[in-house]
Amino acid sequence: MPTPLKAATTLAAILLLILTTAAPAHAANPSTKPPVSGSLGTYNVSGVYVTGVSSGGYMATQLHVAYSSRIRGAAVFAAGPYYCSQNTVAQALYGCGDNLYPTNVAALQTYTRTWASYGWVDPVGNLSGDPVYVFHGNNDTTVKKSVTDDLVRYYQHFGASVQYDSGSAAGHSWVTPYGTLGCTATASPYLNNCGTDPQNALLRKLLGGVSAPNTGALGGTLIRFSQNTFAVNGWANGLSMDANGFAYVPSSCAAGQSCRLLVALHGCAQSSGAVGTAFVDRANLNQYADTNNLIVLYPQAGTALSNPNGCWDWWGYLGATNFPIKGGAQVETIMNMVRRLDG
């Protein structure tokens, strides 16, 4: 029978294990701005970049490949290569999440080159030299590491400059200093604190350098705008997108200074309909936006019968085969927002 001291020591060790795996040591609360209803304006934008996690990571790559003449780089968390699903749900589940099926990365590269020759996506030569940041956590069992490895191989094949961060203990999540969950968790709101700052790394990669974030009161404006205005059918809900999206505009950008634009795409079950503004507030992007002349656009997916978890369409759930190319409903709707912002 254990002594009281030994039992107490064991209990303390168990509690410490629970606390360190289930929750961060301290969940920092970022400065936030309440959303203000308005419309997207046009700003002095010098370059467009895209980032995303999970289904948002797949959508980020779709946007980058389809519009590589306009989008200069991508940062992808917890996702696999472009057109990984090949318009098949089984492939999406067992080849692009799990690795029971191969990703067929060579075939995906061939599709890309062929579609570029048709003009369905921009010329693949645009990808050469583009900065790409890829993140995969070692406790992510939703998207296996071999799948994300193939995303790296896909981009390297076309000559992109890839930085691969695969040393984290993270679960399937967007990792941020403002995460409310422990590093290894895979649970709502999928914002994990690993004691690191991947946003610094991704922005250094994409922008070529980055100033320290604003850790005080935010100085910009968080705009809540109607996504119906930009939806290709005039009705965002019909595209499994929320009625509203968000954009964070620093005061310097609103005043006309030259700024970059970053499109930030949440993952499944991480939209405003599921977690409110948790991703918008805690992604650690607005803090960097304030000090780096960076507008951040946060499009929002929504739920539908074919998409109950509010994912972005990277496997064809809207019923159209053009989802990863120019003309794809969600791709074009997001690009309509980009076109408004950068004129």
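At what angle do helix H2 and H5 pack, and how far apart are their axes?

**Entry 1: ground rules.** I am working from a predicted model, in which local features need pLDDT of at least 70 and side-chain atom pairs count only at pLDDT 80 or more, while totals for chains, interfaces and linings use all residues. Residues are numbered from 1 along each chain as its sequence is written, and side-chain values use heavy atoms, with hydrogens and water left out.

**Entry 2: H2 against H5.** I looked up the two helices (DSSP runs of H or I, at least four residues; strands are runs of E, at least two; both are numbered from the N terminus). Helix H2 (residues 55–66) and H5 pack at about 10°, and their axes are 13 Å apart. The axes are lines fitted to C-alpha atoms, for helices over the stretch in contact, and angles run from 0 to 180 degrees between N-to-C directions. That makes H2 roughly parallel to H5, a label for angles under 35 degrees, with over 145 counting as roughly antiparallel, 65 to 115 as roughly perpendicular and the rest as oblique. I then listed the contacts (heavy atoms within 4.5 Å): Tyr58, Thr61, His64 and Val65 of H2 meet Val147, Leu151, Tyr154 and Tyr155 of H5.

**Entry 3: aromatic pairs.** I went on to the rings of Phe, Tyr and Trp (its six-membered ring), which pair if their centres lie within 6.5 Å, with planes under 30 degrees apart counted as stacked, over 60 as edge-to-face and the rest as tilted. The count comes to 20 aromatic pairs. Tyr154 and Tyr155 have ring centres 5.8 Å apart and planes at 80°, so I recorded the pair as edge-to-face. Both Tyr154 and Tyr155 are buried (under 20% relative accessible area, with exposed over 50% and partly exposed in between; 1.4 Å probe, protein chains only). Phe279 and Tyr298 are also edge-to-face, at 6.1 Å centre to centre and 90° between the planes. Phe279 lies in helix H9 (residues 278–282) and Tyr298 in strand S12, so this pair ties together parts that are 19 residues apart in sequence. Phe279 is buried at 2% relative accessibility, and Tyr298 is buried at 0%. I also found one aromatic cluster whose members include Tyr111, Trp115, Tyr154, Tyr155 and Phe323.

**Entry 4: salt bridges.** I found six salt bridges, each a side-chain nitrogen of Lys or Arg within 4 Å of a carboxyl oxygen of Asp or Glu.

- Asp98 and Lys144 meet at 2.9 Å, N to O. Asp98 lies in the loop between helix H3 (89–94) and helix H4 (105–118) and Lys144 in the loop between strand S4 (131–137) and helix H5 (145–157), so the pair ties together parts 46 residues apart in sequence.
- Asp122 and Lys326 meet at 2.5 Å, N to O, linking distant parts of the chain, 204 residues apart. Asp122 is buried at 7% relative accessible area, whereas Lys326 is partly exposed at 28%.
- Asp149 and Lys145 meet at 3.0 Å, N to O, and both lie in helix H5, four residues apart, about one turn of the helix. Asp149 is buried at 17%, while Lys145 is partly exposed at 33%.
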